[in-house]
Amino acid sequence: MKLERALLELEKRKEKALEEKSQLREAYSKKVSKLLKEIKKEVKNLEKERIPKKIDERISKIVENERRAYVDTLTNFLERIENIDSLEKFLPELSKFHVSHGKYVMMVFEKRIYRINKLLKELSEVYGEYQVRLRNFEEFEVPDIKSILEDIKRVDEHIQEVRGELERAKEREEDLKATIADKNRDSGLLELEEKIESLKKELSHREIKLSSDLSYLKKPLKKARVKGHAAEMFLKDTKFAFEEPMKVKELLKNAMERGYFDKKHAKRAKEVIENLDAELEKIEILRKELDSLEREKNRRSKEIGDFEARLRRLEAKIKEKEEELEKAKRKLRELEEELNRRLKEIEKILGTKIELA
């Protein structure tokens, strides 16, 4: 059976069941109304009936008090019963009235109390019979298939939308990776880094060589106990010559003139004096060239880094969309399971197989 036809059949059955229940409620409410009238009539008669004169005056007062309490309470109780359905909550009170009358009232108005109790019992029996008849009705709710089908459609559309976004994002990811590869290839960073390393080695070699030549001259100067600021600074650190070459050259010339150096040290001192300015100039040129190359490397690296940052953001978005897709798929599976469960309920009610399409 097609789903639309099955849902129509269910609605018809539900309407029929509701109509039959309404008719049953109406029929039993009439029975209850008739019994209530009879009980109220008996209560009125009980209220009006005279106490026999042969009853002792003291007992007569007790009977009157018991009758008034019984009549008032029972009348109030009966007035609250509107129909068969409202009777349920009053059943516990109803059962009390089988035994709640005073013993003197029972003694004096035994037949009247008996008739009232008999009617109250009938009222309880009518409600019990009503409940048994209700249970014989086909009890079911029409499963809400349409809303779950709408939810499935909505979630499926969301899945397709996220899949499209993922596909486009992954295409952009591939484009970015290709761009980064091209930038790395065309940037000349590898060659630039090789030049930088070569310059660093040459610069380091020259600085070490000059520092070594200057350090070689420290021992005779210490031995001669040369005084003065320049001597003190040079002996503390030969790099002082890099900062104040003129003062260091003057220091070495004075030491040579005073004969502080032996032949080997004097030869080295002469070479340092002659070559120091030129060597420091070469070192400065190398440093400037190295700084320039490193700035260029940073510039090119930053350009590639910007693309890499965009790639990382895109990868994070792809991961987020993948998680969103998995969540939507789980929701779709849950909805499909719920749909199958509801279809089985309909199939059980109608006794036939349901076709969605």
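This is a predicted model: local features need pLDDT of at least 70, side-chain atom pairs count only at pLDDT 80 or more; totals for chains, interfaces and linings use all residues.
Colleague: Which element gives the most to the lining of the largest pocket?
Modeller: Among the lining residues are His-205, Arg-206, Arg-268 and Glu-271. With six residues, the most comes from α12.

Colleague: How many residues of the lining are nonpolar, polar and charged?
Modeller: The lining includes Leu-210, Val-272 and Leu-276, along with Lys-209, Asp-213, Asn-275 and Glu-279. By class, the largest pocket is lined by three nonpolar, two polar and six charged residues.

Colleague: What span should helix α11 have, at 1.5 Å a residue?
Modeller: Helix α11 runs over residues 245-257, which makes 13 residues.

Colleague: Within what arc do the buried residues of α11 fall, seen down the axis?
Modeller: The buried residues are Pro-245, Val-248, Lys-249, Leu-251, Leu-252 and Ala-255. They line one face of the helix, because their arc, seen down the axis of α11, is within 160°.

Colleague: Which exposed residues does the face of α11 turned away from its buried side carry?
Modeller: The buried side packs against α7, α8, α9, α10 and α12. The face turned away from that side carries the exposed residues Met-246 and Glu-257.

Colleague: Which residue with a positive phi follows α11?
Modeller: The phi in question is near 75°, and the residue is Gly-259.

Colleague: Is Glu-173 buried or exposed?
Modeller: Glu-173 is found in helix α6, residues 145-186. Not counting residues up to four places away in sequence, Glu-173 touches Leu-311, Leu-314, Glu-315 and Ile-318. Its relative accessible area is 13%, and the cut-off is under 20%, so Glu-173 counts as buried.

Colleague: What distance separates the C-alpha atoms of Tyr-104 and Ile-62?
Modeller: Tyr-104 is found in helix α4, residues 103-108. Leaving aside neighbours within four places in sequence, Tyr-104 is in contact with Ile-59, Ile-62, Val-63 and Glu-66. Tyr-104 and Ile-62 are 42 residues apart along the chain, and their C-alpha atoms are separated by 7.3 Å.

Conventions: Residues are numbered from 1 along each chain as its sequence is written. Side-chain values use heavy atoms; hydrogens and water are left out. Helices (H or I, at least four residues) and strands (E, at least two) are DSSP runs, numbered from the N terminus. Contact means heavy atoms within 4.5 Å. The expected span of a helix is 1.5 Å times one less than its number of residues. Buried means under 20% relative accessible area, exposed over 50%, partly exposed in between (1.4 Å probe, protein chains only). The arc is that of the directions from the helix axis to the C-beta atoms. On a 1 Å grid over the protein atoms alone, a cavity is a set of points where a 1.4 Å probe fits but cannot get out, and a pocket is an open set with protein on both sides within 12 Å along at least five of seven lines; lining residues have an atom within 4 Å of a point. Ala, Val, Leu, Ile, Met, Phe, Trp, Tyr, Cys and Pro count as nonpolar, Asp, Glu, Lys and Arg as charged, and the others, Gly among them, as polar.
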